Amino acid sequence: MSNDFQRLPAEELYQNEINALIEAETDEIPTGWKMSPRSVLKYIIGGKVGNTNIIPKYIGNKRVVEICIATLVTDRALLLIGEPGTAKSWLSEHLAAAINGDSTKVIQGTAGTTEEQIKYSWNYAMLIAQGPTKEAMVKTPVYRAMETGSICRFEEISRCASEVQDALISILSEKRISVPELSIEVAAKKGFSVIATANTRDKGVNEMSAALKRRFNIVVLPTPKDIKTEMNIVKSGVTRLSNNFDIKAEIPTDKLIENVCTIFRELRDGQTLDGKQKVKTTSGVLSTAEAISLLTNSMALSASFGNGKIEVEDVAAALQGAVVKDEDKDKVAWKEYLENILKKRGSEWRELYMACKELNS
Amino acid sequence: MAYYYGIRHLSPNGAYQLINLLNDRKPDIVLVEGGSDLNDLIPQICGQNVKLPIAIMSYSQTIPIRTVLYPFAEYSPEYQAIKWAVKNGKQCRFIDLPSSVFLALMDISEKRRLSSENQDNSDNQNEYDKEFGSIYTKLEKFMDEDQESWWERHFEQLSSYEDYAKASEEYGRNLRIYDDKIPIDDAENYLREAYMRYNIDLAEREFDSDKIVVVTGAYHTYGIKNNIPLTEDEIKKLPSLPNKSTLMPYSYYRLSQRSGYGAGNKAPMYYELLWFAINHKDLKDAGIEYLTNIASYQRSGGNFSSSAEVIEAVRLANELAKLKGSNVPVLQDLRDSAVTCMGHGKFSEISEAVANIEIGTKIGSLPEGVSNTSIQEDFYFKLKDLKLEKYKSVVVQQLDLDLRENMRVKSEKAAFLDLERSFFLHKLCCLGVHFAENMNKKQDNATWAEQWSIAWTPETEIDIIESTLKGDTIDLAVSFVFNERLEKAQTITEASEVISDACLCGMADSVKSAVSVLQALATNSASVEEIAETARNISFVIRYGNIRKTNPEPLLPLLEQLFYRGCLIMPESCVCDNNAVAGIIKAISALNEISINHSSVNVDEWKKTLTAISKRDDLNTKASGYATAILLERGDISNDMLSIEVERRLSRGIPAELGAGWFEGLSLRNRYALIARLSLWEKLSQYIDCLDDEEFKRALVFLRRAFCEFSPNDKCDIAENLGEIWGVNPDIASEIINNQFTDAEQDILDGLDDFDFGDL
């Protein structure tokens with residue numbers, strides 16, 4: 001497989017796993033699916049099929065994944081909600097990849113998304129030349145998913161204006177799009193569904209209407225429940241990314257990952273891991289995804305400008321950037337955290353503390 | 001060989017399949033796990049009008065009371081076994097260790113635990129589990145879901161009793177192999193199994209062994225089959241406590257919190273749904289009903305929840321079940337679907353509904369006469385008599401009582417219904433029975449109104465049964481408690497508390513005996529503060545007691561006695577330091593209140609006492625000042641007398657702190673009267689004028705303290721007085737007095753903090 005692309009879709013990246021699962025399939029496969037629900041589950045949470053190792057894609061709460069898959073079997077639409085960086089898009093991509101072998105039918109919700117981008121639009125040159133014809137129609141991912149009976153992903157649905165969101169209501173309840181210009185109606189084939197994601201921080205920007213919400217099964221993705229899970233996630237994330245980008249640096253040590261995760265968790269929860277001390281929280285979102293990118297950045301730094309070993313100064317700089325987003329408030333909170341918590345943690349934390357302190361002096 | 005049927009206590013399918021088994025085999029005797037000394041209760045369990053859940057409670061007749069419970073729900077296999085036997089006229093016996101032995105074992109291990117509490121006891125099962133993980137957490141890893149769901153998926157959905165018996169025996173046997181319990185628990189299990197074996201052997205000699213069915217926990221099946229029975233000698237050597245047993249109503253809430261038979265049941269109400277569904281031969285009904293119930297609970301709470309959501313939830317639950325390889329969803333599937341479809345992804349949105357539908361508020365009840373202790377019967381009789389039956393519910397309810405006579409009803413009983421209720425509830429409180437809680441703790445609110453919050457729990461029943469050792473009826477038990485308290489009472493305060501409690505309970509006899517105890521204690525006791533406080537309590541009872549129909553007669557002599565005694569020792573008590581004087585002042589105030597409220601006490605003696613305190617120079621001057629203030633308030637001191645007294649107290653020869661202390665005492669009461677007396681302030685002014693610098697500093701410290709209690713308004717009035725005396729503008733004076741300190745002034749005052757009083 002050529003690897004010239006910055007990022008391959010999940011189904012290409014894990015093609016061998018998907019093939020192996022399909023080959024070994026023994027259970028019943030729902031219409032429109034490539035494999036059985038149980039195989040999808042295995043693809044996501046990892047395991048072994050024959051000689052193929054399935055890498056865990058979503059670590060932590062297995063039950064959440066089960067609920068997601070069961071939802072899609074019932075042809076209900078699925079809405080994933082969670083803090084930024086809780087692997088919503090990640091999970092939706094892999095669900096689509098495993099179920100359809102195609103995770104590329106995506107609508108990215110933005111403030112500028114229009115209704116045409118959800119239903120269909122026109123190639124205006126052809127429209128003017130030929131009038132409304134099937135050839136002049138530009139099909140959206142939703143349209144294509146309905147035609148083929150597959151899954152369409154809708155990222156950040158709550159960033160769209162409400163009236164645009166509501167275009168989905170008729171699609172999800174009638175399961176058909178009518179095209180009055182051509183006097184046709186397209187009915188969704190079995191297997192069609194939508195996986196939408198929305199993030200809790202944007203809640204209230206464009207609150208979803210009750211009518212639309214009702215058409216989704218809502219699953220809240222939790223932040224990793226303990227530091228061990230989070231470390232696992234970070235480690236697998238960092239390994240994956242560095243392989244992707246051919247970063248020639250050592251994978252960060254467990255110790256370092258633990259340190260970064262600890263700092264992130266403590267600042268996120270507003271208290272130390274043992275629950276004994278309160279900590280000021282910062283304004284930025286210190287998600288697991290952010291921890292992964294922080295460590296990958298440090299690796300890239302050390303590979304390009306250092307000796308391939310992650311230096312504590314690099315991590316400190318990256319931490320500073322991640323924690324102190326823009327406001328003065330964050331800086332105060334970070335400094336307080338350094339002095340009150342890190343400094344007192346003893347020799348294991350000494351180096352990191354000194355490096356962080358240096359940056360703030 | 002007898003048929004061994006291993007169960008999980010509280011397993012609906014276990015119960016259902018057991019009935020099939022019994023109908024098939026038609027045994028002559030059914031042997032059930034349960035205390036073998038409780039066989040007498042078997043007919044009562046199946047009596048008419050018994051509403052489950054109920055429990056058998058066995059309690060020791062020793063102190064501390066130990067109790068052991070055997071709870072039953074409708075879907076307990078044990079209950080269904082008993083019911084079948086009674087219905088079909090077959091024999092039924094409990095075969096486990098007698099509850100008296102359990103109580104003794106409990107007593108021993110509890111005492112051991114207490115004695116080793118200070119030492120480090122490492123053989124604690126919980127700590128052990130924490131370190132290695134209990135057998136169940138190990139199982140969960142293996143089963144890939146929590147043990148409760150796993151059981152439900154694999155056992156509650158089996159469709160024949162043979163499968164159930166085989167599966168549960170295998171399950172129990174494996175539990176035994178992989179569970180490394182601490183030795184002491186193992187020993188207890190072994191003992192129980194050997195005892196059960198003995199009883200089964202006994203039955204096998206009596207009956208055709210094919211006609212015997214043994215119903216025990218699945219864990220024990222293997223042990224019972226293979227252990228050697230205990231011998232009669234060994235049985236005789238088992239420890240045992242004298243005990244009694246009774247039936248009691250139980251609640252689903254309590255069932256949900258692991259108790260009794262060990263295996264609790266986290267969702268008793270849901271299991272009841274399951275039980276009905278199994279009986280109607282459609283397991284899926286349970287899930288549908290569960291989800292529908294949640295939706296309707298949501299609606300009743302004003303939350304939107306549509307039928308479409310229920311339909312979606314049912315579909316989702318079915319798919320979740322399929323993922324796990326079962327056809328019928330289990331509770332966990334149902335709950336997760338409810339969260340996803342009705343709770344919009346958040347458990348918190350439906351948590352209340354879940355608690356209500358899974359656990360529920362159901363409580364059992366027993367027909368009259370079934371309870372075995374007379375105090376239980378008394379309790380239920382009173383509940384009925386006082387129309388409090390509707391409060392026998394696990395939901396907390398409020399009850400407002402108006403203790404006054406209700407003029408709108410015919411009978412006297414109805415007129416004083418609330419009062420009788422109040423007596424009853426207070427009695428329960430005195431017994432330590434957790435049933436009702438008095439919400440208005442403050443006595444100075446309206447004395448005729450009471451607010452109670454009432455909730456019945458199985459603990460209530462247990463508390464009541466435990467009270468049986470104190471007396472056969474509630475009244476007897478309460479008076480026993482009062483007597484016990486009186487015997488232990490060392491101070492008159494304790495005795496007076498019994499008096500007020502007894503009045504609250506309307507127990508005239510206890511009041512009388514408390515009075516005599518108090519009298520005895522009063523002769524040889526006590527500080528004047530204690531006497532005053534006690535007298536105040538009693539005065540309170542006398543003044544407001546008639547609302548509770550308390551007869552004040554026996555209390556009056558006691559009050560007079562205490563009051564007189566207080567008068568006599570008061571002056572000498574006033575020889576005290578400045579820390580103790582606060583208590584003395586409280587006592588003076590209390591006795592003064594009594595002298596005003598009760599004409600029968602010796603008021604003349606009180607006046608004499610006050611005058612003495614006010615006049616004497618060798619007492620704490622603050623107390624003297626306070627006594628003077630009271631005399632002034634009562635109008636027992638003339639203006640002339642007052643000014644003479646002021647002059648004397650605030651003259652040059654008297655050390656400044658004593659003078660100022662006296663003034664402080666004087667100003668504690670009726671300030672307006674003081675402020676209005678211009679002459680007083682003239683005297684104070686003269687006094688300050690005549691002090692030299694050092695004396696002034698001393699006096700300043702005390703005077704400041706005296707004036708800190710005054711409000712700004714008071715200070716304005718004083719300023720006006722002083723302005724008049726000194727001939728300055730009152731407004732300016734007031735401003736100076738009320739202004740905040742400047743820093744410089746504050747520094748000077750701070751300097752006074754270190755003022756060396758030398759002689760003090």
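Q: How do the axes of helix α3 and helix α5 of chain A cross?

A: Two packed helices are described by the angle between their axes and the distance between the axes. In this predicted model, the axes of α3 (residues 37-45) and α5 (residues 88-100) of chain A come within 10 Å and cross at roughly 140°. Axes are lines fitted to C-alpha atoms, for helices over the stretch in contact, with angles from 0 to 180 degrees between N-to-C directions. The angle makes α3(A) oblique to α5(A), because under 35 degrees counts as roughly parallel, over 145 as roughly antiparallel, 65 to 115 as roughly perpendicular and the rest as oblique. Helices (H or I, at least four residues) and strands (E, at least two) are DSSP runs, numbered from the N terminus.

Q: Which residues of α3(A) and α5(A) meet?

A: A:Val40, A:Tyr43 and A:Ile44 of α3(A) meet A:His94, A:Leu95, A:Ala98 and A:Ile99 of α5(A); contact requires C-beta atoms, placed from the backbone, within 7 Å.

Q: What is the strand order of the open sheet in chain B?

A: Strands of a sheet pair through backbone hydrogen bonds, either parallel or antiparallel. Here the order of the three strands is β4-β3-β7, with antiparallel pairing; two strands pair if DSSP finds at least two bridges between them. The edge strands of chain B, β4 (67-72) and β7 (243-249), each pair on one side only. Six bridges join β3 (residues 54-60) to β4 in chain B, and B:Ser58 stands opposite B:Val68 of β4(B).

Q: How are residues and chains labelled?

A: Residues are numbered from 1 along each chain as its sequence is written, and chains are lettered from A in the order in which they are written.

Definitions and conventions. Predicted model: local features only at pLDDT ≥ 70, side-chain atom pairs only at ≥ 80, totals over all residues. Contact = placed C-beta atoms within 7 Å.
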